[in-house]
Amino acid sequence: MSSAYDPNNIFAKILRGEIPAHKVYEDDAVLAFMDIMPRGDGHTLVIPKLPARNILDIDPAALAQLIQAVQNVALGVKAAMGADGVTIQQFNEPAGGQVVFHIHFHVIPRFEGIPMRPHSGDMAPPEVLAAHAAKIRAVLAN
């Protein structure tokens, strides 16, 4: 049994503008922004604006909007970063690897012969994240 949604999770704070983020895409239903601990250059997170803990409790209609945005962002990230492919990750509950309890999808550009970086907890320099976000925004704007 999952716990209740916590409105003070970091992604809820980003949605409320209490914590800054390097945004790459936003519409009425979703927000996409750079992961501050990227596992690859251009690692982007896509979240719904509505409060949902994970895939186990999100409204199916909201999930449909979210996955459409994930596809759009994945296309933009792949093109902007010149990637050979994209890894999409989504975790649910602690046993499933979920750390932030607001549903989110990881969009990670991948390059032939280059392994994904480990989740080390190291934060990327803000100027690097800003540059990657600008490249991705430029592609998604077209």
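**Exercise 1. Find which side chain makes a polar contact with the side chain of Lys49, and place Lys49 in the chain.**

Step 1: The side chain of Lys49 makes a polar contact of 2.9 Å with the side chain of Glu26. A polar contact is a pair of N or O atoms within 3.5 Å; within protein, one must be able to donate a hydrogen and the other to accept it, and residues adjacent in sequence count only if both atoms are side-chain atoms.

A word on the model before we go on: it is predicted, so local features need pLDDT of at least 70 and side-chain atom pairs count only at pLDDT 80 or more, while totals for chains, interfaces and linings use all residues. Residues are numbered from 1 along each chain as its sequence is written, and side-chain values use heavy atoms, with hydrogens and water left out.

Step 2: Look for Lys49 in the loop between β3 (44–48) and α2 (60–81). Helices (H or I, at least four residues) and strands (E, at least two) are DSSP runs, numbered from the N terminus.

Step 3: Leaving aside neighbours within four places in sequence, the contacts of Lys49 include Leu15, Asp27 and Val30. Contact means heavy atoms within 4.5 Å.

**Exercise 2. Decide whether Lys49 and Gln98 are buried, partly exposed or exposed.**

Step 1: Take the cut-offs: buried is under 20% relative accessible area, exposed is over 50%, and partly exposed is in between (1.4 Å probe, protein chains only).

Step 2: Lys49 has 31% relative accessibility, so Lys49 counts as partly exposed.

Step 3: Gln98 has 4%, so Gln98 counts as buried.

**Exercise 3. Describe the surroundings of Gln98.**

Step 1: Gln98 sits in the loop between β4 (85–89) and β5 (105–110).

Step 2: Its side chain joins that of Asn54 in a polar contact of 3.0 Å. The Gln98 side chain also reaches the backbone oxygen of Val100 at 3.0 Å.

Step 3: Beyond neighbours within four places in sequence, Gln98 is in contact with Arg53, Asn54, Phe91, Asn92 and Glu93.
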